[in-house]
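Here is a short report on one protein chain. Please keep the sequence and the 3D view at hand while reading.

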Amino acid sequence: MLSYQIFFYLTTGLLAANALPQVKLLSKLPKNPIETPAPDVWAWGVHPNGLGYKARNGLALELCIKYPELAGGALCNDAIYPKKFCLANLVLLTANGCKQFKTDMCAADVKLAESENCAG
């Protein structure tokens, strides 16, 4: 009798596990992604309301420096830039990553020094 109960529980357990919907995760990257996805950065998860995906909220410092046009935007908001980079890109005067060098940046250009951003 015990063997029938074990057989019954194993069989129903296996059938139930196979009956649950299985999610096959597929990911397609752009042909030339600007950042290589890594397992420690990307995460997948199945939630009660569907499949969830989480990636880094911003770009790595190296990419923000490589693409200065992105350096002042939201993707690079958490980056802290080296002084040399800030002085070479004075348009980043108001960027979070260059705030610590504001005085040096304002002193580097007369027009910039007279601007409202350098006042006070």
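What is the torsion about the S-S bond of cysteine 86 and cysteine 98, and which hand does the disulfide have? The torsion is about -90°, so the disulfide is left-handed. This value, like the others below, comes from a predicted model.

## Overall layout

The protein chain holds six helices and two strands. From the N terminus on, their order is α-β-β-α-α-α-α-α. Of the 120 residues, 21% count as buried.

The chain exposes about 9500 Å². Carbon and sulfur atoms supply 61% of that area. Among contacts between residues at least 6 apart in sequence, 12% join residues at least 24 apart.

## Three disulfides

The count comes to three disulfides. Number the bonded cysteines in sequence order and the pairing reads 1-2, 3-4, 5-6.

Cysteine 64 bonds to cysteine 76, with the sulfur atoms 2.0 Å apart. This pair links distant parts of the chain, 12 residues apart: cysteine 64 sits in helix 2, and cysteine 76 in the loop between helix 3 (68-71) and helix 4. The link is left-handed, with -100° about the S-S bond. Cysteine 64 has a relative accessible area of 0% and is buried. Cysteine 76 is buried too, at 1%.

Back to the opening pair. Cysteine 86 joins cysteine 98, S to S 2.0 Å. Cysteine 86 belongs to helix 4, while cysteine 98 lies in the loop between helix 4 and helix 5; 12 residues separate them. Both cysteine 86 and cysteine 98 are buried.

Cysteine 106 pairs with cysteine 118, their sulfur atoms 1.8 Å apart. Here the bond ties helix 5, which holds cysteine 106, to the segment after helix 6, which holds cysteine 118. The torsion about the S-S bond is about -90°, so this disulfide is left-handed. Cysteine 106 and cysteine 118 are both buried.

## The nonpolar core

In soluble globular proteins, nonpolar side chains tend to be buried together. The largest nonpolar core here has 18 residues. Those with the most contacts inside it are Cys64, Tyr81, Cys86, Leu92, Leu93, Cys98 and Met105. Helix 2 (61-66), helix 4 (83-88) and helix 5 (102-107) each give two or more residues to this core.

What does methionine 105 touch, not counting residues up to four places away in sequence? Its partners are Cys86, Leu87, Asn89, Leu90, Leu92, Leu93, Cys98 and Leu112.

## One aromatic pair

The count of aromatic pairs comes to one. The ring centres of tyrosine 81 and phenylalanine 85 are 4.9 Å apart, with the planes at 45°, so the pair is tilted. Tyrosine 81 is buried, with a relative accessible area of 1%. Phenylalanine 85 also counts as buried, at 10%.

Is asparagine 89 buried or exposed? Asparagine 89 is buried, because its relative accessible area of 18% falls under the 20% cut-off. This residue lies in the loop between helix 4 and helix 5. Leaving aside neighbours within four places in sequence, asparagine 89 is in contact with Pro68 and Met105.

Alanine 108 is in the loop between helix 5 and helix 6 (110-113). Not counting residues up to four places away, alanine 108 touches Leu87 and Leu90. Its C-alpha atom is 9.6 Å from that of alanine 88, a residue 20 places away along the chain.

Technical notes. Residues numbered from 1 in each chain as written. Predicted model: local features only at pLDDT ≥ 70, side-chain atom pairs only at ≥ 80, totals over all residues. Heavy atoms only, no water. Core = buried A, V, L, I, M, F, W, Y, C linked by side-chain atoms within 4.5 Å. Buried < 20%, exposed > 50% of the residue type's maximum accessible area, 1.4 Å probe, protein only. Helix = DSSP H or I, 4+ residues; strand = E, 2+ residues; numbered from the N terminus. Contact = heavy atoms within 4.5 Å. Phe/Tyr/Trp six-rings, centres within 6.5 Å; stacked < 30°, edge-to-face > 60°. Areas by Shrake-Rupley, 256 points an atom, 1.4 Å probe, with all protein chains shown as cover. Disulfide = S-S within 2.5 Å.
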